[in-house]
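Colleague: I would like to go through this model with you. Could you put it on the screen, please?

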Amino acid sequence: MLINEAKWFGDQLSKLGTDFGFPLLNIGSSTLNFRTRGQPWMDAYIFRPLRENNRTVIHSDIQAGEGVDLVGDLNDDAFIQYLINLGVKSAICSNLLEHVTNKAHIAETVVRAIPAGGYIFASCPKDCPHH
């Protein structure tokens, strides 16, 4: 995630009331180390302000690691049903779609996991091959 991207996400998320957008699911979150040391602007502009305002964020990734609250695959219907039952109200999906071959399916899955009236904050590189 670019620094300006993190600033934009942080600004948009700060406008949500706790009843509208939270808990927030951070899809493809990577580890705490990545969010605080690899790209510290993510924590500085997005996650620290949310923590300081007692807003719940659930960090989810396909791989377990320190700071990953929920491990699961967006291709797994049971995992999607778990997310729906968890009651997340919004999702942030940043720089994930260029890592998957079935972009449309993953995007539709994210939409399914968020209830009507929820928010999806998504971004990805404009022109980037699958990697």
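**From one histidine to the whole fold**

Colleague: Where does His59 lie?

Modeller: His59 is placed in strand S2, residues 57–61. Helices (H or I, at least four residues) and strands (E, at least two) are DSSP runs, numbered from the N terminus. Please note that this is a predicted model, in which local features need pLDDT of at least 70 and side-chain atom pairs count only at pLDDT 80 or more, while totals for chains, interfaces and linings use all residues. Residues are numbered from 1 along each chain as its sequence is written, and side-chain values use heavy atoms, with hydrogens and water left out.

Colleague: Is His59 buried or exposed?

Modeller: His59 counts as buried because its relative accessibility is 10%. Buried means under 20% relative accessible area, exposed over 50%, and partly exposed in between, with a 1.4 Å probe and protein chains only.

Colleague: Which residues is His59 in contact with?

Modeller: Leaving aside neighbours within four places in sequence, His59 is in contact with Asn26, Ser29, Arg35, Phe47, Gly67, Val68, Asp69 and Leu70. Contact means heavy atoms within 4.5 Å.

Colleague: Now the sheet. What is the order of the strands?

Modeller: The order is S3-S2-S1-S4-S5, in an open sheet of five strands with parallel pairing. The edge strands, S3 (70–71) and S5 (119–123), each pair on one side only. Two strands pair if DSSP finds at least two bridges between them. In general, strands of a sheet pair through backbone hydrogen bonds, either parallel or antiparallel.

Colleague: How many bridges join S2 and S3?

Modeller: S2 and S3 are joined by two bridges, in the parallel sense. Asp61 has Val71 in S3 as its bridge partner.

Colleague: Which strands does H4 touch?

Modeller: H4 packs on the sheet and touches S1, S2 and S4, with its direction at about 135° to that of S2. Axes are lines fitted to C-alpha atoms, for helices over the stretch in contact, and angles run from 0 to 180 degrees between N-to-C directions.

Colleague: And S4, how many of its residues are buried?

Modeller: Five of the five residues of S4 are buried.

Colleague: What does S4 pair with?

Modeller: S4 pairs with S1 in the parallel sense over four bridges, and Leu24 stands opposite Ser90. S4 also pairs with S5 in the parallel sense, over five bridges, and Ala91 has Ile120 in S5 as its bridge partner.

Colleague: Changing topic: at what angle do the axes of H1 and H4 cross?

Modeller: The axes of H1 (residues 3–14) and H4 (residues 40–52) cross at roughly 10° and come within 8 Å. H1 is therefore roughly parallel to H4; angles under 35 degrees count as roughly parallel, over 145 as roughly antiparallel, 65 to 115 as roughly perpendicular and the rest as oblique.

Colleague: Which residues meet there?

Modeller: Ile3, Ala6, Lys7, Phe9, Gly10 and Leu13 in H1 meet Trp41, Met42, Tyr45, Ile46 and Leu50 in H4.

Colleague: Lastly, the whole protein. How many helices and strands are there?

Modeller: The protein has six helices and five strands, in the pattern α-α-β-α-α-β-β-α-β-α-β along the sequence. Of its 131 residues, 39% are buried.
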